[in-house]
Amino acid sequence: MGGVCCGEHNARTKADRKISKVLAREKRRKSDEVCLLLLGPGESGKSTVLKQMTIIDNLRGFRKEVYRETVFSNCITQMKVLVDTLLKLGIPVEDENKEYVKKINNINENGDVWSAKVALMIKELWADKGIKRVFTMRDSYYQLNDTAAYFFNNVERFGQADYVPTVDDILRTRVRTVGVNEVKFRMEDFIFKMVDVGGQRCERRKW
């Protein structure tokens, strides 16, 4: 009986030591970890900072290719905003672009519908005087991403079959942050945990 009790005691002691080692190791790890919480309203650049740090931290194996559809989606959604405003205000476009207005207005916003033809339509519409007039009305009549012109000016490049996003392309993409995004990276002896929280009103309760 005594041998059984002794054996159980030794087993518990070993388990306690193992747990203590794990807790001590976790405590040391936590002491070297710095948490950075990014707060601010929507479109204030929080996600851009997160992307910049991800790119800088080469150890994360950053892959530019995964941003292709995000770039395509930014082109489509922002041109749809211009077309929608143009139609609401009754501003005319050149005859050769009327069909493009209809197609862009009805196209899906997802980047998976992208093609050289879609890129061409956006390029032609961006050159249209009516669309340019609508563009000058931004902030007064409607909201447009501050990087929209960049994407429109580079849309021909985006339409190439072998297109791979550049760092500038990626940093200028805009995607609404929903929930909490977290990135970890190491600088010298410290681990930084950067947390990005959505800036829209419906997301602020998570701050």
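Colleague: At what angle do helix 3 and helix 4 pack?
Modeller: Keep in mind that this is a predicted model. In it, helix 3 covers residues 68-89 and helix 4 covers residues 98-106. Their axes lie 9 Å apart, and the packing angle is about 120 degrees.

Colleague: Which residues of helix 4 does helix 3 meet, and what class makes up five of the residues in the contact?
Modeller: From helix 3 come Met79, Lys80, Val83 and Leu87, and they meet Val101, Ile104, Asn105 and Asn106 in helix 4. By class, the contact has one charged residue and two polar ones, and the other class, with five residues, is nonpolar.

Colleague: How many residues apart in sequence are the parts tied together by Lys123 and Glu156?
Modeller: The closest N and O atoms of this salt bridge are 3.2 Å apart. Lys123 lies in helix 5 (residues 116-126) and Glu156 in helix 8 (residues 155-158), so the pair ties together parts whose separation in sequence is 33 residues.

Colleague: Arg157 forms a salt bridge with Asp169; is Asp169 buried or exposed?
Modeller: The closest N and O atoms of the pair are 2.9 Å apart. Arg157, in helix 8, and Asp169, in helix 9, are twelve residues apart. Arg157 is partly exposed at 25%. Asp169 has a relative accessible area of 0%, so Asp169 is buried.

Key
Residues numbered from 1 in each chain as written. Predicted model: local features only at pLDDT ≥ 70, side-chain atom pairs only at ≥ 80, totals over all residues. Heavy atoms only, no water. Axes fitted to C-alpha atoms, helices over the stretch in contact; angles between N-to-C directions. Helix = DSSP H or I, 4+ residues; strand = E, 2+ residues; numbered from the N terminus. Contact = heavy atoms within 4.5 Å. Nonpolar A, V, L, I, M, F, W, Y, C, P; charged D, E, K, R; others polar. Salt bridge = Lys/Arg side-chain N within 4 Å of Asp/Glu carboxyl O. Buried < 20%, exposed > 50% of the residue type's maximum accessible area, 1.4 Å probe, protein only.
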